[in-house]
Amino acid sequence: MFEVLAEPRRREILDLLRDGERLVGDLVEQLELTQPTVSKHLKVLRVAGLVEVRRDAQRRWYRLHPAPLAEIDAWLAPYRRMWTAGLDALESHLDTMADDHNGGTP
């Protein structure tokens, strides 16, 4: 999954799909890429389970399928807590330094 998301254009596609379904042509226009290039990225995202496609006659509508992203978010949660704790400790330390510098007045 991380390999799929490492490609910046794929992340851009996901960002565009966050607002709702889009046609391939819309994505081509927004990204200023060729249709084959966008289709290639969409295929990778579809195989990874990050996007779904809906056919409407000759058109293909793509939409975000966020479940795999939720799995990544759940995996990252303990790391996020660790980072938050570290940042909170840094903030407390800086506040203490500021108090010391100001003669103990807040």
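Reader: What am I looking at, and how many helices and strands are in the chain?
Author: It is a predicted model. The chain has five helices and three strands.

Reader: In what order do the elements run?
Author: Starting at the N terminus, the order is α-α-β-α-α-β-β-α.

Reader: What does the C-alpha trace span along its principal axes?
Author: About 75 × 25 × 20 Å. The radius of gyration of the chain is 22 Å, whereas a compact globule of 106 residues would have one near 13 Å.

Reader: What share of the residues counts as buried?
Author: Of the 106 residues, 22% are buried. The chain exposes about 7,600 Å², and carbon and sulfur atoms supply 54% of that area.

Reader: And the contacts between residues at least 6 apart, what share of them joins residues at least 24 apart?
Author: That share is 46%.

Reader: Which residues of H4 are buried?
Author: Val38, His41, Leu42 and Leu45 are the buried ones in H4. Looking down the axis of H4, the buried residues fall within an arc of 100°, so they line one face of the helix.

Reader: Which residues are exposed on the other side of H4?
Author: Pro36, Lys40, Lys43 and Val47 are exposed there.

Reader: What covers the buried residues of H4?
Author: The cover includes helices H1 (2-5), H2 (8-17) and H3 (24-31), along with strands S2 (51-56) and S3 (59-64).

Reader: Pick one of the buried ones. Why does His41 count as buried?
Author: His41 has 6% relative accessibility, and buried means under 20%, so His41 counts as buried.

Reader: What is His41 in contact with, leaving aside neighbours within four places in sequence?
Author: His41 is in contact with Glu7, Arg9, Arg10 and Ile13.

Reader: Now H3. Which of its residues are buried?
Author: In H3 the buried residues are Val24, Leu27, Val28 and Leu31. Around the axis they cover an arc of only 100°, which puts them on the same side of H3.

Reader: What do the buried residues of H3 pack against?
Author: They pack against H2, strand S1 (22-23), H4 and S3. Just after H3, Glu32 takes a positive phi of about 55°.

Reader: Tell me about Leu31. What is its relative accessible area, and what does it touch?
Author: Leu31 is buried, with a relative accessible area of 4%. Not counting residues up to four places away in sequence, Leu31 touches Arg9, Glu12, Ile13, Leu16 and Val38.

Reader: How many Å separate Leu31 from Leu90?
Author: Their C-alpha atoms are 40 Å apart, and the two residues are 59 residues apart in sequence.

Reader: And Leu31 to Arg11?
Author: The C-alpha atoms of Arg11 and Leu31 are separated by 11 Å, with the residues 20 apart along the chain.

Reader: Where does Arg11 lie, and what does it touch?
Author: Arg11 lies in helix H2. Arg11 touches Leu5 and Ala6, not counting residues up to four places away in sequence. At 38% relative accessibility, Arg11 is partly exposed.

Reader: Change of topic. How many aromatic pairs does the structure hold?
Author: Two. In one of them, the rings of Trp75 and Tyr79 have centres 5.2 Å apart.

Reader: Why is that pair called tilted?
Author: The planes of the two rings are at 45°, so the pair is tilted. Planes under 30 degrees apart would count as stacked, and over 60 as edge-to-face.

Reader: Where do Trp75 and Tyr79 lie?
Author: Both are in helix H5 (residues 67-101), four residues apart, which is about one turn of the helix. Trp75 is partly exposed at 48% relative accessible area, and Tyr79 is partly exposed at 36%.

Reader: Which residues form the aromatic cluster?
Author: Phe2, Trp75 and Tyr79 form one aromatic cluster.

Conventions: Residues are numbered from 1 along each chain as its sequence is written. This is a predicted model: local features need pLDDT of at least 70, side-chain atom pairs count only at pLDDT 80 or more; totals for chains, interfaces and linings use all residues. Side-chain values use heavy atoms; hydrogens and water are left out. Buried means under 20% relative accessible area, exposed over 50%, partly exposed in between (1.4 Å probe, protein chains only). Helices (H or I, at least four residues) and strands (E, at least two) are DSSP runs, numbered from the N terminus. The arc is that of the directions from the helix axis to the C-beta atoms. Contact means heavy atoms within 4.5 Å. Rings of Phe, Tyr and Trp (its six-membered ring) pair if their centres lie within 6.5 Å; planes under 30 degrees apart count as stacked, over 60 as edge-to-face and the rest as tilted. The radius of gyration is taken over C-alpha atoms; the globule rule is 2.2 Å times the number of residues to the power 0.38. Accessible areas come from the Shrake-Rupley method with a 1.4 Å probe; for residues, only the protein chains shown count as cover.
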